[in-house]
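Student: I would like to learn to read strands and cores. Please show me an example.

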Amino acid sequence: MTINNNNIFGLFTLNEARGLRLTGDWLHTDTVANYGWFGGGSLGTSPVTVSSTVDRIDFSNDSVSASPRSPLSLARWGSAATGNSNYGWFGGGYYPVPLLADPPYLSTVDRIDFSNDSSTAPIRGPLSLARHSSAATGNSNYGWFGGGSYYPSGGPIPKTSSVDRIDFSNDASTASPRGSLSAARYLLAATGNSNYGWFGGGFLPGSTSTVDRIDFSNDTSTASPRSPLSLARYGSAATGNSNYGWFGGGSPGPVSTVDRIDFSNDSSTATVRSPLSLARGYLAATGNSNYGWFGGGYTPTTASTVDRIDFSNDSSTASPRGTLSLARSYLAATSGVLNIRRQKAGNYGWWGGGEAYPAYSTIYSTIDRIDFSNDTKTASPRSRLSSNTRGSGATGNSNYGYWAGGETSPNTSKIDRLDFSSDTGNVSVRGPMTGLTYYVSATGNSNYGYFGGGRVPGGTTTSKMDRTDFANDSSTASPRGVLTGIRYAMATASNSNYGWWGGGTSTPAPGYPRMVSKVDRIDFSNDSVGALARGPLSGVKYGGSGTGNSNYGWMSGGNWPSPGFANIIERINYANDSVSVSVRGPLTSGRYMLAAAGNSNYGWWGGGRNATPAAATDIVERINFSNDLSATSPRGGLTISRDKLAATSNTPIG
């Protein structure tokens with residue numbers, strides 16, 4: 001359909017109009033995660049032709065032109081899109097009808113079946129408000145559509161701050177209005193992870209650099225303004241992985257600028273990365289965990305260009321790939337990538353080593369495995385560490401678990417590796433730490449394990465940090481930047497980019513007077529520099545343990561001055577870690593020298609020492625991350641009562 005330019009754009013300037021948004025997309029392992037879908041858009045300006053075309057980009061073969069698939073139910077421009085691992089939802093937009101006839105602004109939502117994209121997209125329940133030039137993002141269960149422009153009643157173009165939520169499992173119903181953005185605007189872009197969505201830029205009127213963050217678990221509240229983009233713009237596009245979001249292109253200009261938001265540190269202004277290959281606005285973007293694809297746009301002619309950003313090397317200019325089947329702007333995009341950021345489909349956790357208390361001389365090599373999907377049963381004994389060990393630190397990736405250091409007879413610098421796929425076999429001893437260390441604390445990502453702090457021979461406490469390269473784990477660990485102070489017996493948590501170390505003490509028994517509440521953060525991408533101090537724990541303590549998901553870390557247990565062993569659970573918000581932790585639902589009792597592991601939804605604390613009676617325990621408790629103000633629930637126990645043990649899981653971090 002072709003209509004006169006003034007019919008669509010007479011309500012606002014061409015530069016104001018030319019835009020559209022984007023998507024929130026994510027990581028998955030099945031075949032649909034290899035594709036991205038770009039839908040709708042405007043093919044020209046005067047006259048304007050609007051398209052229902054859906055193009056599919058094959059991420060694994062992106063040097064060829066995109067493949068046209070079955071269309072949207074209606075030609076439109078200015079829609080927004082998001083999705084999960086099975087479907088993509090395209091909502092809103094502008095349908096080219098005469099302005100004096102029916103309102104041209106749409107609330108229509110189309111759903112693309114990624115596994116059957118040769119069929120026309122069916123219409124689902126509408127948005128609560130007809131709008132165009134909004135932005136969308138989501139997680140595996142819901143999609144959030146925010147901002148946009150709606151049907152005018154005369155005067156300036158009306159803008160909205162409203163946010164609609166689509167329930168993917170019940171998408172035949174009208175979307176549910178939630179809380180609003182901090183300001184009404186349109187021509188904005190959005191991306192997110194499993195817990196938050198970031199909406200950036202837009203037209204107020206006048207371009208803005210504002211970034212708002214929606215807390216998916218509390219989405220009836222107004223979005224929280226975060227630090228801005230590097231420049232004010234509208235008509236940009238955004239995508240990301242579990243840890244960062246990239247906002248590219250936009251107007252006025254157009255510009256080729258790409259900004260990167262660090263999700264775990266979004267109180268800092270977005271950093272400028274290398275640009276797109278072509279300056280343009282009103283484009284769309286999607287991606288997977290490794291790359292982002294920015295397609296179409298306006299230069300000031302419509303473009304079919306697709307640029308690819310390498311997330312691991314975003315200091316290089318984006319690489320032009322194959323083109324869209326049609327040059328167009330005002331399009332929307334999503335992909336078959338389920339947003340699961342730090343964590344995996346991790347199904348198991350392993351607890352290894354430890355000692356009996358009060359029988360100090362009894363030290364164990366036992367490794368117990370908890371089946372997370374059936375955790376009311378007692379853990380099953382699996383392999384053993386290479387020697388009886390207490391006070392080691394454990395971390396791992398989706399394939400292996402690593403236990404490092406600890407007190408044996410004598411003390412050790414060894415690193416034991418457990419093959420998760422064959423966990424009844426013997427562990428293999430890998431390249432050692434740089435020195436003998438016990439009561440060491442560990443965390444890491446999918447590529448490296450970090451072992452920090454601890455005590456060394458003679459009772460001296462250290463701040464050193466060793467890094468093990470999982471891909472080359474027969475080599476000695478390499479020294480990295482140090483913690484902000486000497487200490488041991490800390491709790492840890494991490495996502496794929498940072499590790500957090502909380503609490504600890506620098507003084508051995510008796511008395512432990514030098515306990516701390518400090519939390520240190522190590523930047524895995526710049527780990528040769530020292531740790532950075534962040535917001536503290538709620539009190540001084542040592543001997544706790546932590547776990548987490550991609551957005552939060554939960555630390556619990558430990559010894560503190562009063563009333564003894566701690567049962568509180570403290571949550572670090574990775575995106576705002578300069579403030580103090582928030583206290584969440586407690587353990588059922590205070591414990592010390594326990595160990596924790598988890599997946600993206602739950603954390604399990606096992607073992608440790610009770611204050612009353614003064615004895616080691618086999619208790620395992622589980623916290624529900626989505627309901628963490630409630631007390632933990634007791635699960636099946638370990639096979640042996642013990643403290644000073646260490647745990648990890650097959651949750652791929654990063």
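Student: Through how many residues does a hairpin join E40 to E41?

Tutor: A hairpin joins them through 3 residues. Strands here are DSSP runs of at least two residues, labelled E and numbered from the N terminus. This is a predicted model: local features need pLDDT of at least 70, side-chain atom pairs count only at pLDDT 80 or more, and totals for chains, interfaces and linings use all residues. Residues are numbered from 1 along each chain as its sequence is written, and side-chain values use heavy atoms, without hydrogens and water.

Student: How many bridges join E40 to E41?

Tutor: Strands pair if DSSP finds at least two bridges between them. E40 and E41 run antiparallel, with 4 bridges. Serine 494 has glycine 499 of E41 as its bridge partner. E41 also pairs with strand E42 (residues 519–523), antiparallel over 5 bridges. There, tyrosine 498 is partnered by aspartate 523 of E42.

Student: Which residues point one way from E41, and which the other?

Tutor: In a regular strand, side chains alternate between the two faces of the sheet. Tyr498, Trp500 and Gly502 point one way from E41; Gly499 and Trp501 point the other way.

Student: Why is E41 largely enclosed by the rest of the structure?

Tutor: Buried means under 20% relative accessible area (1.4 Å probe, protein chains only). In E41, 5 of the 5 residues are buried, so the strand is largely enclosed.

Student: Which residues touch the most other members of the largest nonpolar core?

Tutor: A nonpolar core is a set of buried Ala, Val, Leu, Ile, Met, Phe, Trp, Tyr and Cys residues joined through side-chain atoms within 4.5 Å. The largest has 21 residues, and Trp246, Leu276, Phe294, Ile309, Trp500, Met555 and Ile572 touch the most other members. Strands E19 (244–248), E40 (491–494) and E41 (498–502) each give two or more residues to this core.

How values were computed. Buried < 20%, exposed > 50% of the residue type's maximum accessible area, 1.4 Å probe, protein only.
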